[in-house]
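Subject: Structure handover

Hello,

Here is the structure I promised to pass on. Please open it first, then read my notes below.

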Amino acid sequence: MTGKKITYTVQKTEYELTTADILTSARYQAGKYQFDTQALKNKVVEINQKQATLNKSLAFKTSEGNEISVPAGTYGWAISADKAEKTLTKALENGETKVDAKQDIYGKGYDTRGTGYDTTTNGGIGNTYVEVSIEKQHLWAYRDGQQVASIDVVTGTQSTHNDTPKGVFYVMYKQTKTTLRGSRADGAAYASPVEYWVPFTLDGCGFHDADWRKNWSNTAYLKEGSLGCVNMKPSEAANVFNNLSQSEPVVIY
């Protein structure tokens, strides 16, 4: 096992790992290897600190040109030390010299496989994303760097602490003609039919049309907002829905 080298590719960066970078010690007993991979765990921590986007605040330039830091949400990826251990020790045993880290990443939320691994531009967010400003009560959507939507919205009610969460999340999935169910601030149950539904948190926050809403002012969210979702006018919801794709970043600040 000694004296071997493996090129471990993480996105576009190559790490030349020796046996000593992967194994602290190894034993061969009863026809099987037993490994101590503390060395590799230390290396994974180092790589994640340098490249991973999961659980990190991300730098972001808003549509209005401001440079901000958006808190961590569910968006992103990191390398799993357990997965890397299995991949790289197997590669050592089989005499492989090149391994791609993509099979070793993980994420959190709806997609535990990780999101954004193939995106290296714009701080890991890329050029296709949806952006929401709580202060401006406005949404912008971009595809391949081109703005495809710019609309006013109403977010979660501030006075009842149903604020839309800030952070970098991702589109979980898209659904048409469904009914949203839950409980209002006073505990009363509701069932609201919508044409378009795009959730981005596991606890029920998402984008949807709201034909029942009367107050669309940019101060509605203070006392008459949603229960955490981003409400869109029915006439504008279809365009946003059609221009969003599963797993793309949702930037809320």
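This is a predicted model.

**Strand 16 and its partners**

Strand 16 (residues 206–209) pairs with strand 17 (residues 230–232). The two run parallel, joined by three bridges. Asp209 has Met232 of strand 17 as its bridge partner.

Strand 16 also pairs with strand 15, this time antiparallel and again over three bridges. Here Trp197 is bridged to His208 of strand 16. Strand 15 and strand 16 form a hairpin with six residues between the strands. Gly204 in that hairpin has a positive phi near 100°.

Which way do the residues of strand 16 point? Gly206 and His208 point one way, while Phe207 and Asp209 point the other way. All of them are buried.

Next, look at the open sheet with the strand order 2-1-8. Its pairing is mixed. Strand 2 (13–18) and strand 8 (98–100) are the edges. Each has a single partner strand, so one side of each has no neighbour in the sheet. Neighbouring strands are turned by 25° against each other on average, direction ignored.

Strand 1 (residues 5–10) and strand 2 run antiparallel, with six bridges between them. In one of the pairs, Tyr8 is bridged to Tyr15 of strand 2.

Two helices belong in this picture. Helix 2 (residues 38–51) lies across strand 1 and strand 2, at about 170° to strand 2. Helix 3 (residues 81–94) packs on the sheet and touches strand 1, strand 2 and strand 8. The direction of helix 3 makes about 145° with that of strand 1.

Another open sheet has five strands, in the order 12-11-10-18-13. Its pairing is mixed. Strand 12 (146–152) and strand 13 (167–170) stand at the edges. Each pairs with a single strand, so one side of each is left without a neighbour in the sheet. The twist from one strand to the next averages 20°.

Inside this sheet, strand 10 (residues 129–133) runs antiparallel to strand 11 (residues 138–143), with five bridges. Tyr129 has Tyr142 of strand 11 as its bridge partner. Helix 5 (residues 234–242) lies across strand 11 and strand 12. Helix 5 runs at about 150° to strand 12.

**Pocket and cavity**

Now the empty space. Rolling a probe the size of a water molecule over the atoms shows where such space is left.

The largest pocket has a volume of about 560 Å³. It is lined by 26 residues. Which of them are closest to its centre? They are Arg184, Tyr190, Ser226, Leu227 and Gly228. Strand 14 (175–183) and strand 15 (189–199) are the elements that give two or more residues to this lining. Strand 14 gives the most, with four residues. By class, the lining has eight nonpolar, twelve polar and six charged residues.

How many cavities of 30 Å³ or more does a search of the whole structure find? The search finds one. About 30 Å³ of space lies in the largest cavity. Its lining is made of Thr74, Gly109, Tyr110, Tyr170, Met172, Phe200, Thr201 and Leu202. Five of these lining residues are nonpolar, three are polar and none is charged.

Over to you.

Best wishes

Technical notes
Residues are numbered from 1 along each chain as its sequence is written. This is a predicted model: local features need pLDDT of at least 70, side-chain atom pairs count only at pLDDT 80 or more; totals for chains, interfaces and linings use all residues. Side-chain values use heavy atoms; hydrogens and water are left out. Two strands pair if DSSP finds at least two bridges between them. Axes are lines fitted to C-alpha atoms, for helices over the stretch in contact, and angles run from 0 to 180 degrees between N-to-C directions. Contact means heavy atoms within 4.5 Å. On a 1 Å grid over the protein atoms alone, a cavity is a set of points where a 1.4 Å probe fits but cannot get out, and a pocket is an open set with protein on both sides within 12 Å along at least five of seven lines; lining residues have an atom within 4 Å of a point. Grid points are joined across faces, edges and corners, and a volume is the space filled by probe spheres set on the points. Ala, Val, Leu, Ile, Met, Phe, Trp, Tyr, Cys and Pro count as nonpolar, Asp, Glu, Lys and Arg as charged, and the others, Gly among them, as polar. Buried means under 20% relative accessible area, exposed over 50%, partly exposed in between (1.4 Å probe, protein chains only).
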